[in-house]
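Hi,

Here is the structure I promised to pass on. Have a look at it first, and then read my notes below.

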Protein chains: 2
Amino acid sequence: MHDKNHSAYEIKGMPKDEHLSDLADLFKMFADSTRVKIMFALMDNELCVMDISGMLNMTQSAISHQLKILKSANLVTNRRDGKTIYYRLSDDHVKSIIAQGFDHILE
Amino acid sequence: MHDKNHSAYEIKGMPKDEHLSDLADLFKMFADSTRVKIMFALMDNELCVMDISGMLNMTQSAISHQLKILKSANLVTNRRDGKTIYYRLSDDHVKSIIAQGFDHILE
DNA sequence: TGAACATATGAACAACTATTCATATGTTGT
DNA sequence: ACAACATATGAATAGTTGTTCATATGTTCA
């Protein structure tokens, strides 16, 4: 049976559109394999752009663009040391989100 | 070897490209606010297409297309009861992935 | 069988996105 | 100041994706 008089406001526990949009935006960051690879690479150590570029066998520009996107989402931060800029994950949520994703895949 | 795909596999602890692609594909499912809303709506009860369509104030077609995508990713399943087809989440990973995402946002 | 209902589907279009290429910015050592 | 290096950035492009519209499939009941 279904109730035709349901309105959006009657949905229990449904967060506001704004929050659901933010949630989707967060997952967008993990929805590209290049970005996932970058985050995976940053799990253990901080790395500079050329390190990542070499590891993933992709151009410096492509990596730099993606790092900018990840930084704008506050998933990575960086520090400058001379000419080199080292990137690292900003917090442990990144690790746990990726780990949880793998849990789902490897079952 | 200077095989283009070889270098990525030399990274310690870096899963294979195929798995990282699967991971990104999984997160793609959560990277659209319509799909997140649908999954959220299915957290408590199973619902038919028109229920969801009404809740989200979107066309039946749009919801049906997205449900097909979610089903192809094995995130939802369905059962037919007469004319109506009820959808539900296929497992609890969906809930925990969304919950983890919210943890990150609400801090 | 036919009408009403519930859902699925294909094509088309607009919006978005990741990469490439060329170039700019910023840093170090000479 | 200049050359070499490391990274950032803007524009262009190709590929992807979500929604709409029209229509098809499948089910129930009279």
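A:Phe40 and A:Phe102 are both buried in this predicted model. The two also form an aromatic pair, with 5.9 Å from centre to centre and 85 degrees between the planes, which is edge-to-face. This pair links distant parts of chain A: A:Phe40 belongs to helix H2 (residues 33–41) and A:Phe102 to helix H5 (residues 93–105), 62 residues apart.

Chain B has a pair of its own to look at. The ring centres of B:Phe40 and B:Phe102 are 6.0 Å apart and the planes stand at 90 degrees, so this pair is edge-to-face. B:Phe40 is in helix H2 (residues 33–41) of chain B and B:Phe102 in helix H5 (residues 93–105) of chain B, so parts 62 residues apart in sequence are tied together. B:Phe40 and B:Phe102 are buried.

Over all chains there are five aromatic pairs. Ring pairs also join A:Phe27, A:Phe30, B:Phe27 and B:Phe30 into a cluster.

Now to the DNA. DNA strand C is surrounded by 26 residues, and the closest are A:Thr34, A:Arg35, A:Ser61, B:Ser61 and B:Tyr87. By class, this surface has eight nonpolar, eleven polar and seven charged residues. Among the atoms of DNA strand C within 4 Å of the protein, 67% are in sugar or phosphate and the rest in bases.

- B:Tyr87 has a polar side-chain atom 2.4 Å from a phosphate oxygen of DNA strand C.
- A:Thr59 has a side-chain N or O atom 3.2 Å from a phosphate oxygen of DNA strand C.
- A:His65 has a polar side-chain atom 3.3 Å from a base oxygen of DNA strand C.

Best wishes

Note on methods:
Residues are numbered from 1 along each chain as its sequence is written. Chains are lettered from A and ligands numbered from 1 in the order in which they are written. This is a predicted model: local features need pLDDT of at least 70, side-chain atom pairs count only at pLDDT 80 or more; totals for chains, interfaces and linings use all residues. Side-chain values use heavy atoms; hydrogens and water are left out. Rings of Phe, Tyr and Trp (its six-membered ring) pair if their centres lie within 6.5 Å; planes under 30 degrees apart count as stacked, over 60 as edge-to-face and the rest as tilted. Helices (H or I, at least four residues) and strands (E, at least two) are DSSP runs, numbered from the N terminus. Buried means under 20% relative accessible area, exposed over 50%, partly exposed in between (1.4 Å probe, protein chains only). A residue is near a molecule or strand if one of its heavy atoms lies within 4 Å of it. A polar contact is a pair of N or O atoms within 3.5 Å; within protein, one must be able to donate a hydrogen and the other to accept it, and residues adjacent in sequence count only if both atoms are side-chain atoms. Ala, Val, Leu, Ile, Met, Phe, Trp, Tyr, Cys and Pro count as nonpolar, Asp, Glu, Lys and Arg as charged, and the others, Gly among them, as polar.
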